[in-house]
Amino acid sequence: MERLWTPAWIVRHVAMVVLAAGCLGMGWWQVTRAAGGNAISFGYAIEWPVFAGFVIFVWWREVRQTLRAGGPAPTEDTAPAEPGPSVTAGAAPVAATPAVRRPVRVVRVPAAPADGADDAELAAYNRYLSWLNANPGARPGDYPG
C-alpha cells in the first residue's frame, strides 16, 4: 500500500476524485436542465455518470496493476547494465523479450533521380513501391528510406 502514497499517486487520487465529482456534478446539472424542459439534456444526464464511471474504472485498474507488480519499475539510474534477465524454457535459457520495442534508426539517403527520371519525388516514390513489392508483409511505416 505504500506504493499508492507516493506524490505521483496522490496526484492521481486527487485527479480521480475531482474528475469523478465533476462528471457527477455535470450529470446533476443536466438532470435539472432536463426537468426544466430541455429534451436533449436527458441524454447528457445519462452520459456524464458514465464518464465518471469510466474515470473510476481506469483509476481502479491502475491501482490493481500497481499492487500486483512486485515493486516500482527501475529507473534508468538503477537499471542493470547487463542485458535483460534470462528466462528458462525447459532446459535451454531464452533471453527475455523487452516490454517495449524501440524503433530501428536508419540513416536516410538524400533522394536522387533513379533510372534517368528527372523528378526526384517520382524516383523516391518508385523506390518505395519497389520496396513494398519486395517486402509483401511489411507495413508502410517499416520503410527505411
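The structure described here is a predicted model, in which local features need pLDDT of at least 70 and side-chain atom pairs count only at pLDDT 80 or more, while totals for chains, interfaces and linings use all residues. Residues are numbered from 1 along each chain as its sequence is written, and side-chain values use heavy atoms, with hydrogens and water left out.

The protein contains 3 helices and 2 strands, where helices (H or I, at least four residues) and strands (E, at least two) are DSSP runs numbered from the N terminus. Read from the N terminus on, the order of the elements is α-α-β-β-α. Of the 145 residues in the protein, 12% are buried.

Two packed helices are described by the angle between their axes and the distance between the axes. Helix 1 (residues 7–35) packs with helix 2 (residues 41–68) at an angle of about 165 degrees, and their axes are 7 Å apart. For these values, axes are lines fitted to C-alpha atoms, for helices over the stretch in contact, and angles run from 0 to 180 degrees between N-to-C directions. Helix 1 and helix 2 are therefore roughly antiparallel to each other; angles under 35 degrees count as roughly parallel, over 145 as roughly antiparallel, 65 to 115 as roughly perpendicular and the rest as oblique. Helix 1 and helix 2 cross in a left-handed manner, a term applied if the near helix is turned anticlockwise from the far one by less than a right angle, with right-handed used if clockwise. The residues of the contact of helix 1 with helix 2 comprise 20 nonpolar, 5 polar and 3 charged. In this division Ala, Val, Leu, Ile, Met, Phe, Trp, Tyr, Cys and Pro count as nonpolar, Asp, Glu, Lys and Arg as charged, and the others, Gly among them, as polar.

Phe 54 belongs to helix 2 and is exposed, with a relative accessible area of 55%. The C-alpha atom of Phe 54 is separated by 8.7 Å from that of Ala 20, and the two residues are 34 residues apart along the chain.

Aromatic rings were examined next. Rings of Phe, Tyr and Trp (its six-membered ring) pair if their centres lie within 6.5 Å; planes under 30 degrees apart count as stacked, over 60 as edge-to-face and the rest as tilted. The count by this rule is 5 aromatic pairs. In the pair of Trp 48 and Phe 51, the ring centres are 5.4 Å apart and the planes stand at 90 degrees, so the pair is edge-to-face. Trp 48 and Phe 51 are 3 residues apart in helix 2 and are thus separated by about one helical turn. Trp 48 is partly exposed at a relative accessible area of 23%, and Phe 51 is partly exposed at 38%. The rings of Trp 59 and Trp 60 have centres 6.2 Å apart and planes at 45 degrees, so this pair is tilted. Trp 59 is partly exposed, with a relative accessible area of 23%, and Trp 60 is also partly exposed, with 45% relative accessibility. Tyr 125, Tyr 128, Trp 131 and Tyr 143 are linked by ring pairs into a cluster.

Side chains of opposite charge can pair when their charged atoms come close. A salt bridge is a side-chain nitrogen of Lys or Arg within 4 Å of a carboxyl oxygen of Asp or Glu, and 2 salt bridges are found in the whole structure. One of them joins the side chains of Arg 61 and Glu 62 at 3.7 Å, N to O. Arg 61 is partly exposed at 41% relative accessibility, and Glu 62 is partly exposed with a relative accessible area of 30%. Arg 139 forms a salt bridge with Asp 142, in which the closest N and O atoms are 3.3 Å apart. Arg 139 is exposed, its relative accessible area being 57%, whereas Asp 142 is partly exposed at 39%.

Asp 142 also takes part in a spatial relation with Leu 132: the two are 10 residues apart in sequence and 9.5 Å apart in space, C-alpha to C-alpha. Leu 132 lies in helix 3 and is partly exposed at 24% relative accessibility. Helix 3 (residues 120–134) also holds Ala 124, which is partly exposed at 25% relative accessibility. Between Ala 124 and Gly 145 there are 8.5 Å in space, C-alpha to C-alpha, and the two are 21 residues apart in sequence.

Definitions and conventions
Buried means under 20% relative accessible area, exposed over 50%, partly exposed in between (1.4 Å probe, protein chains only).
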